[in-house]
Amino acid sequence: MLFSNHFKAALALTATVLCLTPVYAVTTVIPSTSFSSYTVFESFWAYLYPWGSDHNGSARMVGSSTDHSHIAVVSSTLSLIATPTTNPVPPTSTANPNPAIHYASGAIHAKAQITVTSANSYTISGDFSAPTVFGTWPAFWLTAVNSWPPETDIGEWKGTNNNWFNTFNTSSIVKSTLVAWPADLSFHTLKAVLTAESNNVDVRIDFYMDNVLQTTQFGAGFVGQPLWLIINLQMEGSAGSPGPSGTTTYKVRNMLVTRTGT
């Protein structure tokens, strides 16, 4: 078969363009099987908050490799379980604003930190059955390792049938988008895609619910800032008080974190 010189030149140009098109590797940071057993779980996740058992609500986190009463992994599903408690020691949270402790509950954080750079992007997703009754405050969020902010909340429920997508640039410069969330404890997928902006300073965050884009927010100065990934069941605080008098359960499955690029 004979080809014209023009056709040969076009083929060569196409081949050159294809060769120059970058191919980005996709790395699995946390596999969707990380809740398949306690052994697998403990290779990717650590118990409690990165800083300990207390935070800004009335629940103190309890859990370890030998205590799964509040942090359980069963049937490839993580369950964080809050129960009322009496006579806690100490009686108030050690974290600001030092609320009285009314519950024992569960929190975990990823051992791998999330750092968005100009050379990568992250996709973080999972299926969530989140309680929304008054006084319950489950969350799925990223927060600064070194100094706060940055913070972005992929899932936050504050005692109402809404999920909050939030990005904190400062304590007062905050972007929040509320999306209706069902009260029947059915599982729904949340996803965030974090990508550096062209200025290599700010991060674009695309938030999805059930694979439908809900909002896009921007984290000022988030590039290069290491972040903790946390899943916790906090109580009262921003969700109102008093909280439930019985047991509250927050469930997560199919958690997946991938990094595209280096």
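## A buried glutamate

The side chain of E151 reaches the side chain of W148 in a polar contact of 2.8 Å. This is a predicted model, so keep that in mind with every value below. E151 sits in strand β10, which covers residues 151-156.

## N166 and its strand

N166 lies in strand β11. Is N166 buried or exposed? Buried, because its relative accessibility is 2%, and the cut-off for buried is under 20%. Leaving out residues up to four places away in sequence, N166 touches E151, T152, D153, E156, K175, S176, F207 and Q217.

Strand β11 (residues 162-168) runs antiparallel to strand β12 (residues 174-180), with 7 bridges joining the two. Together β11 and β12 make a hairpin, and 5 residues lie between them. Within this pairing, N162 is found opposite A180 of β12.

## The nonpolar core

Now for the greasy part. The largest nonpolar core holds 55 residues, and the members that touch the most others are F35, W45, L78, I231 and Y250. Which strand gives this core its largest share? That's β16 (residues 227-235), with 7 residues.

## Salt bridges

How many salt bridges are there? The count comes to 3. As a reminder, side chains of opposite charge can pair when their charged atoms come close.

Take R60 and D54: their side chains meet in a salt bridge at 2.8 Å, N to O. R60 counts as buried because its relative accessible area is 11%, and D54 is buried too, with a value of 4%.

D127 and R253 form another salt bridge, with N to O at 3.7 Å. D127 belongs to strand β8 (residues 120-129) and R253 to strand β17, so this pair ties together parts that are 126 residues apart in sequence. D127 is buried at 14% relative accessibility, while R253, at 31%, is partly exposed.

Then there's D206 with R204, where the closest N and O atoms are 3.1 Å apart. D206 is buried, with a relative accessible area of 10%, whereas R204 is partly exposed at 32%.

Most residues other than glycine have a negative phi, and most peptide bonds are trans. Some spots in this model go the other way, and they're handy ones to check if you care about backbone torsions.

Start with the cis peptide bonds. The bond from V89 to P90 is cis, with omega near -5°. P90 is in the loop between β5 (77-84) and β6 (103-105). The bond from S241 to P242 is cis as well, with omega near 5°, and P242 lies in the loop between β16 and β17 (248-261).

Which residues have a positive phi without being glycine? N200 has one of about 55°, and E236 has one near 55°. N200 is in the loop between β13 (188-196) and β14 (203-209). E236 is in the loop between β16 and β17, where P242 also lies. As for accessibility, N200 counts as partly exposed because its value is 42%. E236, on the other hand, is buried, since its relative accessibility is 5%.

Note on methods
Residues are numbered from 1 along each chain as its sequence is written. This is a predicted model: local features need pLDDT of at least 70, side-chain atom pairs count only at pLDDT 80 or more; totals for chains, interfaces and linings use all residues. Side-chain values use heavy atoms; hydrogens and water are left out. Helices (H or I, at least four residues) and strands (E, at least two) are DSSP runs, numbered from the N terminus. A polar contact is a pair of N or O atoms within 3.5 Å; within protein, one must be able to donate a hydrogen and the other to accept it, and residues adjacent in sequence count only if both atoms are side-chain atoms. Two strands pair if DSSP finds at least two bridges between them. A nonpolar core is a set of buried Ala, Val, Leu, Ile, Met, Phe, Trp, Tyr and Cys residues joined through side-chain atoms within 4.5 Å. Buried means under 20% relative accessible area, exposed over 50%, partly exposed in between (1.4 Å probe, protein chains only). A salt bridge is a side-chain nitrogen of Lys or Arg within 4 Å of a carboxyl oxygen of Asp or Glu. Contact means heavy atoms within 4.5 Å.
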